[in-house]
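Here are two exercises to work through with the model open in your viewer. Try each one before you read its solution.

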Number of protein chains: 2
Amino acid sequence: MDAGMRIEQTLNRAVMRGETSGCPPRLAAAIRHAVFPGGARIRPRLCLAVAAACGGDAPEVTDAAAAAIELLHCASLVHDDLPCFDNADTRRGRATVHRAFGEPLAVLAGDALIVMAFQTLALEAASMPLRLPGLMLSVARAVGVPTGIVAGQAWECETSINLELYHREKTGALFTAATVAGAASAGADPDPWRALGDYLGEAYQVADDIRDLVADAAEIGKPVGRDASLGRPNAALAQGLDGALDRLDELLAGAAASIPDCIGADTLDALIQSEKVRLVPKGVARRAA
Amino acid sequence: MDAGMRIEQTLNRAVMRGETSGCPPRLAAAIRHAVFPGGARIRPRLCLAVAAACGGDAPEVTDAAAAAIELLHCASLVHDDLPCFDNADTRRGRATVHRAFGEPLAVLAGDALIVMAFQTLALEAASMPLRLPGLMLSVARAVGVPTGIVAGQAWECETSINLELYHREKTGALFTAATVAGAASAGADPDPWRALGDYLGEAYQVADDIRDLVADAAEIGKPVGRDASLGRPNAALAQGLDGALDRLDELLAGAAASIPDCIGADTLDALIQSEKVRLVPKGVARRAA
């Protein structure tokens, strides 16, 4: 089965577990809306690719880690889109959860997705219980306090923002979790894989800043120019478009060079190259060429 | 060490782990505000009492389960108090988190507390990794979908409400998790302990309805009469005060009778009797006597 199908199937199993008669139907619908259809699923793909590069001896444990990371990513999108944060109307080309289901169900759907992530880990990784504590901790670390995505988002509520921490926590942390948990799910030492996640997380953030500045809303499925209008830090605004494109190249090269010696280095390298094409809007790539 | 001190220390260790320089200071403060000073800590006390009744062979695992349940309870209070739900100004006699820190940090503090609950389980229960999957699943089941507190709260967003599920999920689920996880943390079969949690959860809900109807806001530290003003179901409104007091007696008697044969039955029975005194507002107890 290919990576995309494994990811969708594990996510679907997790979401379906909540869709029984005991669950309020609108909450169940809001959760499904938040998870399907998905975006590029880049974090779980990265998790699977790293696990495969490490020999991948327990695909069900890897699938659980990948799905947990994607569910947490979806939860953060639902909460970040809320009126008290970005107040976004669209996401992935259609209504955000709070626009489609109201604010209370958006708060609750996000909460339920966080719980579902850890539940999925506990259920699907049951065949390797001794790997569970380490996996839970790498995933939790990427989401909670002091240095997960929740902490990253909360820097927007401080009078003085730590920009480096802001980006590393808000975007980088979940990429690092993807590489670290990918290795750990396969029983490998996760530490050598941390740098790859760090590089890719920062690359993704720079690419997102570029797209926010110059892309077409229709092309990326969400509003553009929001960083400037919300006064949020943006690398492409700060360094200019050329500077940001150079930085993106540098980070992707760093990512490729950081891959530890392993059987699946080629596949990982190909994944990084395809991300480069995907992440930069077509118009910008043409202009930069 | 007495139960209260064990609970506060484990909670404090969990909260302190987030209070490092990487964490936005206002988020860290909002999380501490949500957890300390606590309420009666009835759920973690129940968890400890059941574990002791089962022989309590792994106090650090029991403490982790108890703290996880209390952190999830605190998270649910922070989110339930939000403007889009109860819009409550006070809780435990002082400002709610969103009144003290703003709505964005209240959303994020609740999210961080959910993650912290599972992180605490993984960290503190590391000495007994084989008990971790079962503990995680009993706790997750009480919080997420289809039948945890998040689902219970979401019934308020449906056009047609299932009252029995609403109460069982919104309040009962976390009591049941307390007894089930208490037994599981001590390596005992959790199933015989489910009924005790179910009875106490329903008793607590009825007592809460009575207090909402007749108590003094100063005595219970939060606004009263909110069920009527928010149009929420309330047993004391529906059955009258005498009917609700009878039902409470019945449920507490059921709870006491459900206690399985064990070494700590007397302590548990005493806990139930002291809860009865605590749960009914003084004025009502006098009127009912």
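Axes here are lines fitted to C-alpha atoms, for helices over the stretch in contact, and angles between them run from 0 to 180 degrees between N-to-C directions. Keep in mind that this is a predicted model.

**Exercise 1.** Work out how α9(A) and α10(A) are oriented to each other.

*Solution.*
1. Grab helix α9 (residues 163–185) of chain A and helix α10 (residues 194–214) of chain A: their axes come within 7 Å and cross at roughly 140 degrees.
2. Angles over 145 would count as roughly antiparallel, and 65 to 115 as roughly perpendicular. So α9(A) and α10(A) end up oblique to each other.
3. As for handedness, α9(A) and α10(A) make a right-handed crossing.
4. Now look at who touches whom: α9(A) brings residues including A:His167, A:Phe175 and A:Val180, while α10(A) brings, among them, A:Arg194, A:Leu200 and A:Tyr204. Sorted by class, this contact has six nonpolar, eight polar and three charged residues.

**Exercise 2.** Find out how chain B is related to chain A, and describe the side of chain B that touches chain A.

*Solution.*
1. Turn chain B by 180 degrees with a shift of 0.0 Å along the axis, and it lies on chain A with an RMSD of 0.0 Å. The two copies are therefore related as by a two-fold rotation axis.
2. Next, the contacts: 51 residues of chain B meet 51 residues of chain A.
3. On chain B, the elements giving two or more residues are α2 (25–35), α6 (103–124), α7 (132–141) and α8 (149–154). The largest share, 14 residues, belongs to α6(B).
4. By class, this side of chain B has 37 nonpolar, ten polar and four charged residues.
5. Finally, 100% of the interface residues of chain B are interface residues in chain A too, so the copies meet through the same surface.

Notes
Residues are numbered from 1 along each chain as its sequence is written. Chains are lettered from A and ligands numbered from 1 in the order in which they are written. This is a predicted model: local features need pLDDT of at least 70, side-chain atom pairs count only at pLDDT 80 or more; totals for chains, interfaces and linings use all residues. Helices (H or I, at least four residues) and strands (E, at least two) are DSSP runs, numbered from the N terminus. Angles under 35 degrees count as roughly parallel, over 145 as roughly antiparallel, 65 to 115 as roughly perpendicular and the rest as oblique. A crossing is left-handed if the near helix is turned anticlockwise from the far one by less than a right angle, and right-handed if clockwise. Two residues are in contact if their C-beta atoms, placed from the backbone, lie within 7 Å. Ala, Val, Leu, Ile, Met, Phe, Trp, Tyr, Cys and Pro count as nonpolar, Asp, Glu, Lys and Arg as charged, and the others, Gly among them, as polar. Copies are superposed by least squares on the C-alpha atoms of residues with pLDDT of at least 70 in both.
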